[in-house]
Each structure stands twice: as C-alpha cells, then as structure tokens.
Amino acid sequence: MTSDTTEKHRNFDKQRDLPDEVRVENAMAGFIAEFGPRAQSWMNACVRCGLCAEACHFYLATGEEKYTPIHKIKPFEDAYALTHGPFSWLHGLLGRKPKLTIEELEEWEELIYDSCNMCGRCTLACPMGIDIASLVKDARRGMYAAGLLPDRLARIVRNAEKQHSPFGSPEDFRKTIKEIEKEYGIPLPLDKPKADVLMTITPEALENRHFGVASMARVLHHLGYDWTFCSDAFEATNFGYLSGNMELQGALTVRLIDKAREIGASMLIVPECGHAWGATRWEAAKWYGAPVDDIKIRHIVEVLADAVEDGKLECRPVGESATFHDPCQQIRRGGLEEKPRILMRALGMELREMDPHGLDAFCCGGGGGVLANERAGPLRLKAFELKKRAVEETGADHFVTSCNICEMTLGRDIEATGFGKQIESLIDLIGANMITDQPPLKAPGSGAKPKGVGKRAAGAKKAGKGRSAARRKPAAKK
Ligand code: SF4
Ligand code: SF4
C-alpha cells in the first residue's frame, strides 16, 4: 500500500493504484460481506426519527446535517437496499445494476472515518435499538477494500501488518523494555516461557509513557502476579478493528490469545486502551467460532478495582477533587462503568461527575481511529468544546481518565486550546499512591525527567494550572 496516489487537494485519500470501477466493486464486496442478519435487521428497522442526531458530539458541535449518525451510513444502506433489501428484487426486475459511484464513496470517506468515533452514544439514543457504531465499523470494511481511507491510518495499518505493531518490531519492543527497566530500576518480566498472566501494551505507552509502564508493572508486582510481556505478542491496539481490515483484526486478536495459551496463562490483561478492550474482550470469539472461555480477558482497570475490593490494594489519599472522563469503549460499550470510580474512591478523591458522564458521556473525539487521522483535527477540536465545558463546570482539581488514546487526544486538545487542565492517567495515580513494600521507582526521585511526562504535561503546564498528583507525590512505603 502506498500513499503516493493521494490527491492532497481533495478531502479524501486514496491508497493503491486502482481503477475507479475496481474501487467501487471492492467496496460493494466489502459491504455485502457484512450484510448478515444483524446488520440487515438494523437497517430494516430505522424509522428516520432523527433522535440519534442529538446524541452525536460532531453534530452537536457543528450543527451540520451531514454529521447526523444515520447519514454516516448512507452508502452502506444504499448498497444494502440495492442488493439485499426488501425491495432489491424490484431493482433486479427493472434490470437496474446495483451501483454506487466513486464520487459518493470519496465524499463519504470523511464521514465514515473523520466524523465517527464508533463511540455508540447514538446507539443508546435510538428507540429501535440500532447500533450505528457497529454499522459504521461494518461499512469501513468496504472502504478499506476500496483503498479509500485516511493516509495516516493506512500507514499505521501497514506498519501493524509488516512489523508486528505500529510501534515497531519485537526487537524494538525488547530494546524499549530493557530501557524502561534501566530508567526506572524496575524488573519487567519478558518472554517467560510460562506465566499466569500475559500483559499487553499500547504503542503510546512504549513511545511516550515509560513512567506509566513502570507504574503498571509496580502494581502488578505488588499484587503478586506471575506475569510477563511477550515480544512476539505485546501489541494491544488493533488497527484492523479501526480501519476495516478484518483480516488484520482477526490476526492481531488470535496472536494474543494463542500466545496466552502457549505460555499457559489463565489471564490476558488489556492495558489502558478502549478499542483494544472491545476487539479483544468482545470480538475474540468471532475468530475462533466459539467463546474464548479458557483465558480470562480483563482490563487493567478491572483488575485493579477488583484488587481494591478484595482488600489487596490500598492507596494513600490524594484528597482533592477530580472528574473522570469515561472512555467510550471501556464504559458505554465495555461494561466497566463502576471500576474506575472504585479506584477514584480508593485514592480518596472527591469525585465530581461531569454532565453528561458514565454511559452517557461524550467521547474524547479521538477514538475509532480519528486521532490517527490528521485531517480530522479541526473537527475534533470543535467537539472538544463540549468536553471542555463539562470539565469546567465541575470545578474539579484533577481531570483523570483510563485510556491512552483518550489521554493523548485530550492532551493534544488541551495544548491546542490553552485549556488550563492537565489530563492524568488513573493507573499512574494508583501506581504513585499505592501503599506497598515495593521499592519506589527510580526516576521520580533521581532528578531524571521521566519519559512520558514529557510534551503533553509540559504543554499543559505552559497552558495553565495543570498538576499531576501521580508525579507530584512520590509513592510511599508502608
Ligand atoms: S458512534 Fe459516536 S461519533 Fe459515531 S455517529 Fe454515533 S455518536 Fe457520532
Ligand atoms: S434514532 Fe434510530 S430509528 Fe431514529 S433515525 Fe437514528 S438510527 Fe434511525
């Protein structure tokens, strides 16, 4: 795949040198592959009530009709009506060939990739129970097959295919893990032939959040897990899931689960990431044709919250107020609503909820591959205004979340708008404030600048009054 065919002056990108008619055929084939009973029943059920519009942050932030959720699946719906819909026989009778046009698909690229986070807020609003977020995901399959997706997202997909992870190869991973071990003076188990727990990680953590990796490891050591990273199965994010490359989505999930089985793990932990949770926890069965019930797939937030409830994890009280940004894929679509709140209470923070919050919260605006798409930046910033207002209204001291993508998105938006808050990682806060016999991390007390505290935090401080309790207070020994 190359990006050299991109027509930069247009509001769409193209990959591969394909004739337009082949792109259309590929798109149709991709759509048709998704017209199973689930998608069909949803598309037949829409009564065009428009209630989903008021749920979408992109529509609310712009007022532009094209950003209404139901409009975003229009070519997908048209393809369905022509080929599988209740009146598709009539098109056949009239000799009408099922057809979309390349112009429609090109125009649509922005709607399907730039203006949808697959956050599912519209899904909750729909009285007919139509899961538009899933239909958008289904529709991306056709767009990927047509070579019509944002270039940067396409490049990340290619890296994930060719070198194991958007971060790099297994060799790159091994080197980085060794660097973090040295930097923070903490053992990071790697490539153990047998372990009870396979821990996975995000590229963002490996690139920019070494402090977070060390914190997470320290908590796992404290809890006494027999755990390991594996250099041939470390990548938690799934850019197949985000782009519509279904083969890649399946391969990435199977790689993790097969590895967990190979090392005899009973648990696979998904790190601070939202869509990784959806892809691994909720869609794994699809690739095996059966539930994956021999491995517990658990989110790090869930593991820590359960440890708090079991009395195995205690924290020194931070004692300030905080508001929590709910990552859509963990909370609304992931079933973990209460877990981060248990952790906030364990930190002794006064939780000031945003309006809306929990299942109803607004997306950060970067999920669903939107952050990977530079072209979507201005639209994302408009949607950020909704989140910014909601945070301001709480008057909370801290702004906390539990997803690397949300943190990165909100961090960039904070920097771009000069909003006087710093976004903080819940896991970092736990790591820094837990009561433990584990030795403290080397870097915070050594004067060395921890990687990952870097640009975003520095930017937030420059912008205003951001403070991080994780980094301000070194962890105490019991
Ligand atoms: S899934 Fe989220 S971003 Fe996509 S249309 Fe629905 S509300 Fe909007
Ligand atoms: S809320 Fe549901 S039924 Fe109404 S327009 Fe949106 S998808 Fe269709």
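## Close-up views of a predicted model

**View 1. The shell around ligand 1 holds twelve nonpolar, two polar and two charged residues.** Here Ala, Val, Leu, Ile, Met, Phe, Trp, Tyr, Cys and Pro count as nonpolar, Asp, Glu, Lys and Arg as charged, and the others, Gly among them, as polar. The model is predicted, so local features need pLDDT of at least 70 and side-chain atom pairs count only at pLDDT 80 or more, while totals for chains, interfaces and linings use all residues. Residues are numbered from 1 along each chain as its sequence is written, and chains are lettered from A and ligands numbered from 1 in the order in which they are written. Ligand 1 is surrounded by 16 residues, and the closest are Cys56, Pro69, Cys116, Cys119 and Cys122 (a residue is near a molecule if its C-beta atom, placed from the backbone, lies within 6 Å of it). Helix α9 provides the largest share of this shell, three residues (helices are DSSP runs of H or I with at least four residues, strands are runs of E with at least two, and both are numbered from the N terminus).

**View 2. Around ligand 2 there are 13 residues.** Cys46, Cys49, Leu51, Cys52 and Cys126 come nearest to ligand 2. Its shell divides into eleven nonpolar residues, one polar and one charged.

**View 3. Ile201 sits in the loop between β1 (197-199) and α12 (203-208).** Is Ile201 buried or exposed? Ile201 is buried, because 28 other C-beta atoms lie within 10 Å (buried takes 20 or more such atoms within 10 Å, exposed 12 or fewer, and partly exposed is in between, with C-beta atoms placed from the backbone). Beyond its neighbours within four places in sequence, Ile201 is in contact with Leu206, Val213, Phe229, Phe234, Ala236 and Pro271 (contact means C-beta atoms, placed from the backbone, within 7 Å). Thr237 is 36 residues away along the chain, and its C-alpha atom is 7.8 Å from that of Ile201.

**View 4. Helix α16 (residues 275-282) is mostly covered.** Seven of the eight residues of α16 are buried, among them His275, Trp277 and Arg281. The buried residues of α16 pack against α14 (239-243), α15 (246-262), β3 (267-270), α17 (284-288) and β4 (296-299).

**View 5. The largest nonpolar core has 140 residues.** Such a core is a set of buried Ala, Val, Leu, Ile, Met, Phe, Trp, Tyr and Cys residues joined through C-beta atoms within 7 Å. Residues that touch the most other members include Ala27, Ile132 and Leu304. Helix α9 (residues 132-145) gives the most to this core, with eight residues.

Technical notes. Two residues are in contact if their C-beta atoms, placed from the backbone, lie within 7 Å.
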